[in-house]
Amino acid sequence: MTSITHKMCLIFLLIVVVMSLIPTIASKSHIITFRSPNLFPEGLTWDPHPSAQHFLVGSLRERSIHSINHAGEVQTIISDPNLPPNVTILGLAVDSINRRLLAVIHAIEPLPPFNALASYDLSSRKRLFLAKLSDDREVANDVTIDFSGTAYVTNSAGNFIWKVSFEGEASIFSKSPAFTSYPVPQDLPHSDLLPYRSCGLNGIAYLSKGYLLVVQTNTGKMFKVDAEDGRARRVLLTKDLVGADGISVRSDGTVVVVSPYMAWLLKSQDSWGEAVVYDEIALNTERFPTSVVTKHNDHRAYVLYGNVNVGILGRGEKEVFAIEELESSKDTEDEMIWVFVLIGLGLAYFMYWRFQMSRLVKNMSKKLS
Ligand SMILES: *[C@@H]1O[C@H](CO)[C@@H](O)[C@H](O)[C@H]1NC(C)=O
């Protein structure tokens, strides 16, 4: 081959490599639209079981939990008419080891106070327990679960965390003074946050290293809570996440927090002593995002657009809701860097191979002559 054809080959090879990689990088973010009259879902989780592989969302008033698959098909998984009328399903978590679903049940004013954690068997769909948390005007909000099957539930009104054992026994787990040490800012970053001034501890996530991360809506603070003794410390953040509602941990350790107007991506190098907000993604405030979930072993995070604000205030009927994949340009940039590193390595290898070949050819021709 002449040197010109060599170069042509090389360029062609590079173009093929780049072209084949671009579609995976620039893949369009996935939107799942689903229909269910006046569902107004607040909580979102993912059931990773091979026979399930779908999202789960709770109803605002129907005492029901529904699955949503990637095609947007809705199925009723749980319907529990034994719960008090018109109560809301808030936080959801799947205990995949024991095939259980945990659901926070809360009665929104003016309903009589009711706060509980319900557990359902995902195979038989029977209720396993209903753990009463409080008959006062507390707000049981979000739930997460550890490896032993213990559930942790946030109280947004009282700023503490309950614990519910595998058998359904509830107790107060953490009432750290850290939860009430920080002032609620006077200037809110978004006018839609006004009703949330009284909303304290909210999204909660268990991390495999034996601690929980909890976000506080009205102060925008994040806390690291020891799963053994409930001791809590504020996580030092590069900025406050005022309005923070849902939280989820990606398989690469990135933490995603959503508020009604923004999603934040956070990374920590020291097991959440301090953390950096490395990306912010504006969300569609009108559709009122509340929850975020990441599938197991997956980098992707999905946000639930449930229009709960419309439903709670009785501002109208609604049938169409959505689950949308969050796309971070920072992640895409990181992937791009890897592509260039790979191309560089490929190029270096190719040059080395050419060098070896030319040496071989020289040696051969020497021997032949
Ligand atoms: C529950 O909601 C329905 C429909 O909005 C209403 O007619 C009923 O009175 C409510 N029940 C209670 C106990 O508030």
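**Whole chain.** I'm working from a predicted model here. I looked up the secondary structure and got three helices and 25 strands. The C-alpha trace spans about 100 × 45 × 40 Å along its principal axes. I checked burial next: 39% of the 369 residues count as buried. For contacts, I took those with a separation of 6 or more, and 50% of them come from residues 24 or more positions apart.

**Strand 12.** I picked this one, residues 160-164, to see how enclosed it is. Four of its five residues are buried, so the rest of the structure largely encloses the strand.

Which way does strand 11 pair with strand 12? I find the antiparallel sense, with five bridges, and strand 11 covers residues 151-155. Looking across the pair, I see threonine 154 opposite isoleucine 161 of strand 12. The hairpin has four residues between the strands, and asparagine 159 has a positive phi near 55° there.

**The strand 13 side.** I then went to strand 13, residues 170-174, which runs antiparallel to strand 12 and is joined to it by four bridges. Isoleucine 161 turns up again, this time opposite serine 174 in strand 13. So what sits in the hairpin of strand 12 and strand 13 with a positive phi? I noted glycine 168, near 100°, in a hairpin with five residues between the strands.

Notes:
Residues are numbered from 1 along each chain as its sequence is written. This is a predicted model: local features need pLDDT of at least 70, side-chain atom pairs count only at pLDDT 80 or more; totals for chains, interfaces and linings use all residues. A residue is buried if 20 or more other C-beta atoms lie within 10 Å of its own, exposed if 12 or fewer, and partly exposed in between; C-beta atoms are placed from the backbone. Helices (H or I, at least four residues) and strands (E, at least two) are DSSP runs, numbered from the N terminus. Two strands pair if DSSP finds at least two bridges between them. Two residues are in contact if their C-beta atoms, placed from the backbone, lie within 7 Å.
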